[in-house]
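Here is a short report for a reader new to this structure. Please look over the sequence and the model first.

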2 protein chains.
Amino acid sequence: MNRLDVLKRMFNPNAIAIIGASREPGKVGFSVVKNLIEGGFKGRVYPVNPRADEIFGIKCYQGIGEIPETIDVAILCVPAAIIPRIVEDLGKKRVPIAIVISSGFAEVGKNELHHKLIDIAKRAQVRVLGPNIFGYYYTPHDLCATFCIPYTKKGGIALTCQSGGVGMGIIGYTRSHEIGVSAIVGLGNKADLDESDFLEFFAQDEFTKVIALHMEGLKDGERFLQIAKNVSKKKPIVALKVGRTTGGARAAASHTASLAGDDRLYEAAFKQSGVLRARTLEDLFDWAKVLAKLSPPKGDNVVIHTGAGGLGVILSDACYDQGLNLMDIPQDLEEQLREYIPPFGSFRNPVDITGASPPITYEETARLLMNDTRVDSIIFGYWQTVITPPMVFADALARVVDEARYRGISKPVVASLSGDSEIENAARYLEKQGIPSYPYAPEKAVAGLAALYKWTRLTSTSENGR
Amino acid sequence: MNRLDVLKRMFNPNAIAIIGASREPGKVGFSVVKNLIEGGFKGRVYPVNPRADEIFGIKCYQGIGEIPETIDVAILCVPAAIIPRIVEDLGKKRVPIAIVISSGFAEVGKNELHHKLIDIAKRAQVRVLGPNIFGYYYTPHDLCATFCIPYTKKGGIALTCQSGGVGMGIIGYTRSHEIGVSAIVGLGNKADLDESDFLEFFAQDEFTKVIALHMEGLKDGERFLQIAKNVSKKKPIVALKVGRTTGGARAAASHTASLAGDDRLYEAAFKQSGVLRARTLEDLFDWAKVLAKLSPPKGDNVVIHTGAGGLGVILSDACYDQGLNLMDIPQDLEEQLREYIPPFGSFRNPVDITGASPPITYEETARLLMNDTRVDSIIFGYWQTVITPPMVFADALARVVDEARYRGISKPVVASLSGDSEIENAARYLEKQGIPSYPYAPEKAVAGLAALYKWTRLTSTSENGR
């Protein structure tokens with residue numbers, strides 16, 4: 001069975017076995033069973049533990065061989081030393097993939113055990129994810145195959161991460177910021193499966209809109225380059241490649257024994273293969289959430305719409321920094337805007353409707369920009385006023401965007417919100433309505449839109465055969 | 001009376017008059033009285049309104065002249081057109097400063113009124129803050145002279161901001177992130193007082209540790225340069241100068257009629273005068289909170305302490321990017337660390353105590369680094385584990401740092417926390433203990449520490465007379 005077919009079974013399993021399932025709360029083998037069940041997985045769950053009759057109310061098996069069904073995925077939470085033997089058993093049972101959560105391999109210097117695992121897995125024809133990982137999530141099937149926490153917020157971002165610590169941070173950040181994901185996959189020591197394999201799966205996964213990668217090093221750069229080149233034409237790929245610097249590379253070597261490699265090579269490879277390179281963890285998410293939610297713009301004309309001149313200045317600076325093109329507002333559009341905006345507002349770009357504007361001004365001017373086919377993308381810079389409070393603004397904007405989408409206008413819209421802490425709720429509401437929104441940090445809204453532009457340019461360039 | 005003396009009265013008033021106080025909730029003149037009272041201001045508050053007997057239970061006066069006491073500050077919330085006449089009255093009453101909240105001046109094209117205000121204020125010997133501002137806060141005296149919301153979180157950051165919209169964002173961000181401030185001052189159109197005046201006041205203000213400026217343009221660059229040069233030797237100044245780019249400058253011109261000027265001139269001026277330049281609003285705060293909390297490091301030796309190798313890699317990259325020097329761990333320190341860290345941990349820098357470490361390992365290894373005089377600063381990269389949960393880590397770290405401070409060791413410590421949303425509480429707790437902490441965003445912890453290093457280097461350079 002080829003890798004892609006194995007991954008299809010991994011993400012769409014009918015039956016999962018947990019080797020090393022435990023009755024003891026706090027143990028990894030307990031948490032995995034609990035999370036599968038409580039996370040809402042609809043398939044069959046088979047705990048395996050020779051010293052238990054049932055776990056979490058489910059019948060427990062003495063060994064994988066005793067399970068009276070085809071198993072699609074086995075999750076291993078047993079001591080590292082017996083993992084190779086377990087993988088042999090999986091091979092006999094024709095289980096196509098082992099999710100090796102257990103640590104105690106190359107990361108603690110046990111290189112021999114690492115190679116033994118690889119050899120035995122190859123002979124047994126069992127694919128290996130890990131070892132030394134937290135497991136994986138796949139939200140379309142409510143699948144929480146991990147000892148962490150159940151994850152419920154569905155969305156279009158698929159993530160892989162090499163480090164458990166960073167992975168935990170990713171899970172926390174996405175939960176706290178209500179950023180929906182399709183999948184989060186720990187790669188750990190990458191004894192077998194790596195980023196390239198998951199790129200191939202996510203490329204054809206209907207629930208994934210954008211692929212985000214955290215990586216410390218690549219085993220096979222050539223293969224990654226080839227696969228990424230194809231995938232990035234279909235779906236945006238954002239990568240946070242760490243170990244960029246001398247100090248970071250040294251740390252990566254002692255962490256996952258990764259060869260961080262010459263960073264210029266990665267830089268060139270990402271460029272060639274159409275991978276967007278994030279510099280920080282926050283960039284990775286701030287970009288990914290825009291890429292997951294918005295369709296590519298039809299052209300370069302960006303308009304900033306604001307109720308606060310000061311925000312307009314910051315947003316303009318950020319557009320320049322990011323290479324976004326502020327459109328000159330055409331005379332006839334200006335005249336239409338003047339019907340709603342007081343004469344001391346600004347009709348250049350940024351369009352400044354002024355701070356004292358009532359909700360109707362926000363709504364009607366937003367509608368004018370949404371409906372004008374010359375405007376390709378809009379950045380809203382809202383600031384809180386008594387006359388148009390945050391939720392009133394959010395509601396008006398969501399309505400205008402929704403109307404436009406209903407009529408087939410899908411131009412990208414992002415929002416930056418400034419004001420007291422209530423704006424956080426308004427931003428969350430806008431996110432739910434499919435409008436990427438950023439409280440307090442105007443530069444992030446622009447960076448998100450810029451990532452969408454970068455990807456759009458990359459794909460149109462490659463389509464042109466350049 | 002010179003400007004500094006006027007500002008001393010503005011920030012330490014015994015009596016405040018509100019011209020245009022209102023009985024009507026929702027009106028600016030109502031909110032200002034309400035915020036002064038509910039904010040906890042201990043001095044006398046005198047509402048002035050010819051059409052009211054009392055406001056908020058306080059006797060109301062027909063005009064400023066009738067108040068039977070010396071007034072230190074007058075807050076003006078009356079229509080722009082009558083402001084010049086009111087300022088004349090203030091002069092007769094010898095009120096040294098008018099806080100002109102009202103808008104309707106140069107920002108709406110009323111340049112004549114703008115100049116009239118300046119002329120009359122000069123003749124009347126009344127200093128003017130604004131017009132077109134939200135007011136000001138000074139937390140040491142629970143002074144909320146603004147129509148926004150009462151502000152309670154005290155701390156060492158003094159902020160000035162030119163834009164009301166950005167100011168609102170600043171107030172919201174600092175509240176939401178529990179970043180304490182000493183003062184927040186709106187500058188608006190800067191008809192009279194500007195950044196330079198406030199630099200002079202905050203330089204000698206015992207409650208202010210760091211000064212943060214949001215500016216669109218300077219009226220008198222030469223004066224700013226001279227004053228900033230002196231002040232920055234005493235206290236760190238961080239500036240977010242917006243309108244950096246062509247588009248931003250154009251927007252600034254139409255917003256506050258600011259001449260944004262050639263950005264290279266600002267860049268050079270900031271460098272010459274020891275002002276740290278932030279690029280984004282978030283930088284401004286992330287840096288300021290470190291500068292407000294921590295004493296300068298004694299030397300360049302930075303150590304990263306982490307429980308997650310992956311975080312160590314990201315932190316190492318960030319240190320390199322920011323020009324921080326990762327110390328080589330001396331042999332004897334390594335030997336001491338080995339007593340607590342398993343052999344598969346890392347004893348180089350980052351020091352990786354490994355993810356399975358119990359609280360005692362965090363605490364004892366942190367103590368070793370705190371007590372070692374060769375270590376000048378420490379970056380903690382925590383990731384959440386079941387064995388050492390976030391609050392247990394935070395508690396251990398706070399204890400170690402507290403002990404050391406008690407014994408006179410004040411080396412800078414910052415923390416980056418990775419994990420599920422519980423880490424946000426742990427970060428808040430650490431902040432309260434005087435340890436700048438950043439959930440999810442390891443790069444920010446490093447950028448904060450780097451700002452402290454930059455300021456330390458600037459001041460030591462100038463002390464060396466270079």
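How many salt bridges are there between chain B and chain A? The count is 8. Note that this is a predicted model.

## Where the chains meet

Chain B and chain A touch through 62 residues on each side. The area buried between them is about 4700 Å². Carbon and sulfur atoms give 60% of that area. Within chain B, the residues that lose the most area to chain A are B:Arg250, B:Asp317 and B:Tyr440. Together they make up 13% of what the chain B side buries.

One salt bridge joins the side chains of A:Arg175 and B:Asp420, at 2.9 Å from N to O. Polar contacts cross the interface too: 13 residue pairs are found between chain B and chain A.

## What chain B brings to the interface

Several helices of chain B give two or more residues to the side that touches chain A. They are H5 (164-176), H8 (246-256), H10 (281-293), H11 (309-321) and H16 (442-463). The largest share comes from H11(B), with 10 residues.

By type, this side of chain B divides into 21 nonpolar, 26 polar and 15 charged residues.

## Backbone exceptions

Most residues other than glycine have a negative phi, and most peptide bonds are trans. The next two sections look at departures from each pattern.

## Cis peptide bonds in chain B

B:Gly130 and B:Pro131 are joined by a cis peptide bond, with omega about 0°. B:Pro131 sits in the loop between strand E7 (127-129) and strand E8 (135-138) of chain B.

A cis bond also runs from B:Asn349 to B:Pro350. Here omega is near 10°. B:Pro350 belongs to the loop between helix H12 (331-338) and strand E17 (351-352) of chain B.

## Positive phi in chain A

A:Arg94 is not a glycine, yet its phi is positive, about 60°. This residue lies in the loop that runs between helix H3 (83-92) and strand E6 (97-100) of chain A. Is A:Arg94 buried or exposed? A:Arg94 counts as exposed because its relative accessibility is 71%, and the cut-off for exposed is over 50%.

A:Thr354 is another residue other than glycine with a positive phi, near 75°. Its loop lies between strand E17 (351-352) and helix H13 (359-371) of chain A. A:Thr354 has a relative accessibility of 8%, so it counts as buried. The cut-off for buried is under 20%.

Methods:
Residues numbered from 1 in each chain as written. Chains lettered and ligands numbered in written order. Predicted model: local features only at pLDDT ≥ 70, side-chain atom pairs only at ≥ 80, totals over all residues. Heavy atoms only, no water. Helix = DSSP H or I, 4+ residues; strand = E, 2+ residues; numbered from the N terminus. Buried < 20%, exposed > 50% of the residue type's maximum accessible area, 1.4 Å probe, protein only. Contact = heavy atoms within 4.5 Å. Buried area = accessible area lost by both parts, 1.4 Å probe. Salt bridge = Lys/Arg side-chain N within 4 Å of Asp/Glu carboxyl O. Polar contact = N/O pair within 3.5 Å; in protein donor to acceptor, adjacent residues only side chain to side chain. Nonpolar A, V, L, I, M, F, W, Y, C, P; charged D, E, K, R; others polar.
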